[in-house]
Amino acid sequence: MLFILRQLRRLELRKRSGQYFVYALGEVVLVVVGILIALQVNNWNEERKLDQQRQELIENLKTDFRASLQTIEEDSQRLTENNEGLQEFLRLSVGENEHLSIEELKLLIRKGYMPLGTLPLVNAYDSAVNSGAINLIQDEYLEEQFMGFENGRKGFEVFIDMVRVQTIAGESAQLRKELGSAALMMGDIAGFAGGGITLEEPEAFKVSDEAFRAFIARKDIYSMFENRLILRGRVGTQFRRMKVATENILERLEEL
Amino acid sequence: MLFILRQLRRLELRKRSGQYFLYAFGEIVLVVVGILVALQINNWNEERKLKNERRQLIEKLEYDFRVNLPRIDESIELAEERNEGLRSFLSAVGTRNEAVSVNDLKTLVLNGFSGLGVPPNINSYNTAVNTGTINLIEDPVLSDLFTTFEDRVSTYTELVDINRDDVLTGMSAKVRGELGSFGLLFPEERSMYLGHPLADQTIFQISDEAFREFLSRKHVYSAFENRLIIRSRISSTQHRVKETMEEILARLEEL
């Protein structure tokens, strides 16, 4: 009798542990499903955030490039005007220029030494490139235009440096050596090239009007100024490159 | 009778499996909620850490910019004083002013060759840029200012290089070549130039008249004028760097 009871109990236990395993398996499945769902929710949330970031980035880029377009246009306009003055000087320096006073001629030369403008600021773009956030915007056309902008910017820096070197150590400096002073070329200069200092015309080196006219008519002097115009013209070209790229970028950003 | 019993058992089973599904659903919801809460806590913690880091960075930057500001102020003062001296030299030479003695001329011209200070080097800023932590400060105004700052510092550095080239290989070096030595251009107490005394080459000594005549040559004058042009550009760049540093400081204080 006892034996039978024991057998029965064993059966009962076995049945219970079998049930337990079924229950445990079910529980594991449930947890796995739960985790997968949670991950999915998290992913979806991350994507939503990325999308938000992307939208924000696009807005920031728009503000950036709009502002830089404005400075590019202003600087480029000023540069063109100054370069036209220099061009006018070149035309007159070897030709008939008696109708212009020496002061007027010097004023035209001075245009060739006016500031060239500044590098446009596009911080949102730069920091997006540095942090890699720029990859949020997958757009081939835009990438191409960004590249165009960067090339313009690099070119701008290169030519700005070349103009600076021409003034301080290059051809233009050689010319000054002959005259004795930059002031004799452009008149008394207050705040020369943003230097904040006044250059005076040294009395000792003053030349007659005829000598000045003869001086600017010389081939080497003409080619120096021509070179200056070429360099400054290149800066203008970089401005135009940046302008075109900026306009295209803005147009595309509006579409996104 | 048996039929009814069977029906009852089926109902019972159905009820049980229904209960089970309810249970299973509850379980899943609990797991999902648990994980999301954990992720949220983690996020929140990360953000708190970033915020702390950001605060620390701002304070460090503020300190560094504040420490560097008086240095650039000193440089500006020095540069302006020296440029003014150089300008007086040019003015005296340009007008052939005999009232200024040769020794005074030498003292004045030394101004054109003395140091102008060095571009600011702000450690915490450089480190933050290199490690990318600078991006923690998400402030468009500040990031504009930082760009302007870098731009101006790099112009400053470039001008310092141009200045050096001018002395060592450019127009000034050629003038020196004609005289034979810097030693002839500067006054007796010139010895501080380049950190060690220049030998006094008496063999190259020239009379005061010859010295005046030398200075009044066009290419010599223009070499000194070139120094003034470069140095006054440096001085105005220093002003611009200082301006930007002040703006950066003001902005950092607001944050």
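Start by selecting chain B: among its contacts between residues at least 6 apart in sequence, 83% join residues at least 24 apart. Keep in mind as you look around that this is a predicted model.

Now colour chain B by secondary structure. If you then colour by burial, 29% of the 255 residues of chain B count as buried.

Next, bring chain A into view and select the residues where the two chains meet. Here 40 residues of chain B are in contact with 38 residues of chain A. To see what builds the chain B side, pick out α1 (2–94), α4 (140–168) and α7 (218–254) of chain B, each of which supplies at least two residues of the side that touches chain A. Which element gives the largest share of that side? Select α7(B): 13 residues come from there, the largest share. Switching to a colouring by residue type, you will see that the side of chain B touching chain A divides into 14 nonpolar, 16 polar and ten charged residues.

For the last stop, zoom in on B:R96, in the loop between α1 and α2 (102–110) of chain B. Check the backbone here: phi of B:R96 is near 55°, a positive value in a residue other than glycine. As background, most residues other than glycine have a negative phi.

Notes. Residues numbered from 1 in each chain as written. Chains lettered and ligands numbered in written order. Predicted model: local features only at pLDDT ≥ 70, side-chain atom pairs only at ≥ 80, totals over all residues. Contact = placed C-beta atoms within 7 Å. Helix = DSSP H or I, 4+ residues; strand = E, 2+ residues; numbered from the N terminus. Nonpolar A, V, L, I, M, F, W, Y, C, P; charged D, E, K, R; others polar. Buried ≥ 20, exposed ≤ 12 C-beta atoms within 10 Å, placed from the backbone.
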